[in-house]
Amino acid sequence: GPRVLSGIQPTADSFHLGNYLGALRSWVRMQADHDAFYCVVDLHAITVAQDPALLRERTRVSAAQLLALGIDPDASTLFVQSHVPEHAQLSWVLECLAGFGEAGRMTQFKDKSARQDADHISVGLFTYPVLQAADILLYQANQVPVGEDQRQHLELTRNLAQRFNSRYGDTFTVPSAHIPKEAAKIQDLQDPSAKMSKSQPSGVVDLLEDPKRSAKKIRSAVTDNEREIRYDPEQKAGVSNLLAIHSALTGRTIDELVAEFDGSGYGDLKKAVGEAFVEFAVPFQEKVHGYLADPAELDKVLARGAEHAREVATETLRVTYERVGFLPPL
Ligand code: ATP
Ligand code: MG
């Protein structure tokens, strides 16, 4: 099948519901009929300061979560980004192709850097989307399953691929974003005008937190002053977010849910969403702890993944270096 690549950062103690519903659910679904490459992107993680021991631990916990969500290492290639040095090597070539102004227009960089003064923002945070382009182009991916917030980065990747191809000859597959229609953007429960994000942890539901606590967070989600349960992300962001979460967790359509909750109160909807989450989280957490109980086996799975990833990555890098005009080593 077509090639897919996606990555997730090991920068929190747990993935959150936005990561799962916006991106990771597609990862699992796509591995059945795609040639899938999924990586824990630790190189991206250090664009902001990380504690080394914690980063190592979170990398394993991230891999365990991916396995527990259903990523099957026999059906897809699961690996850690830093185990494949070609990511950083291709990134340099693409950095020299990307425009400074072009990179400066990335809204995620503008948002994240606006929260800090210039000396605390790393150059790596600025060039992060270019490394992301390298991640994707290295595997000649056709599709990239991500949440809505990654659309602009994907557009940059496409532009860099096309620019390289027209300057040096056809080399990279130009990928397209695979963004789910519903749940592409899960909103913060306390501030439904903002996306759920680990960078703003107030209304975030973590997959590994105590599910009772999650259900409580969901029950206290911010909604609106009306009483009507209908799907309208513009006017009713909080209620629509709850409907989207419910639908994504249970596989039922928004229309079905709106019909079911016709005449019910917001409290009923919140309770049902909380229950749907607990039903998902309890077995999920059990599986994660099972994988973490045997870190040597986990590391072996990741080593196997990296070995397979490198077979593809070294070939793309070899061709790229040749096209650029680097003298091949004897
Ligand atoms: P940060 O705020 O540090 O960028 P994040 O919460 O966005 O962190 P990432 O590791 O950057 O997490 O994202 C992993 C994947 O999850 C990406 O594909 C991203 O599009 C998706 N994603 C993140 N937040 C959401 C959300 N609220 N709704 C849907 N998808 C999301
Ligand atoms: Mg993000």
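Is Gln-140 buried, exposed or partly exposed? With a relative accessibility of 21%, Gln-140 counts as partly exposed, where buried denotes under 20% relative accessible area, exposed over 50%, and partly exposed the range in between (1.4 Å probe, protein chains only). The structure is a predicted model, in which local features need pLDDT of at least 70, side-chain atom pairs count only at pLDDT 80 or more, and totals for chains, interfaces and linings use all residues. Residues are numbered from 1 along each chain as its sequence is written, chains are lettered from A and ligands numbered from 1 in the order in which they are written, and side-chain values use heavy atoms, with hydrogens and water left out.

Gln-140 is located in the loop that lies between helix H7 (123-138) and strand E4 (143-145); helices (H or I, at least four residues) and strands (E, at least two) are DSSP runs numbered from the N terminus. Although Gln-140 is not a glycine, its phi is positive, at about 55°. Most residues other than glycine have a negative phi.

Ligand 1 is surrounded by 21 residues, a residue being near the ligand if one of its heavy atoms lies within 4 Å of it. The closest are His-16, Asp-149, Lys-195, Ser-197 and Ser-199. By class, this shell comprises six nonpolar, ten polar and five charged residues; Ala, Val, Leu, Ile, Met, Phe, Trp, Tyr, Cys and Pro count as nonpolar, Asp, Glu, Lys and Arg as charged, and the others, Gly among them, as polar. Helices H1 (17-30) and H6 (107-114) each supply at least two residues of the shell, and H1 gives the most, with four.

Taken alone, ligand 1 exposes 590 Å², of which the protein buries 96%; accessible areas come from the Shrake-Rupley method with a 1.4 Å probe.

Strand E3 (residues 76-80) is mostly covered, with five of its five residues buried. On one side these are Ser-76, Leu-78 and Val-80, and on the other Thr-77 and Phe-79. In a regular strand, side chains alternate between the two faces of the sheet. E3 runs parallel to strand E2 (residues 35-40), to which five bridges join it; Val-80 of E3 is the bridge partner of Val-40. Two strands pair if DSSP finds at least two bridges between them.
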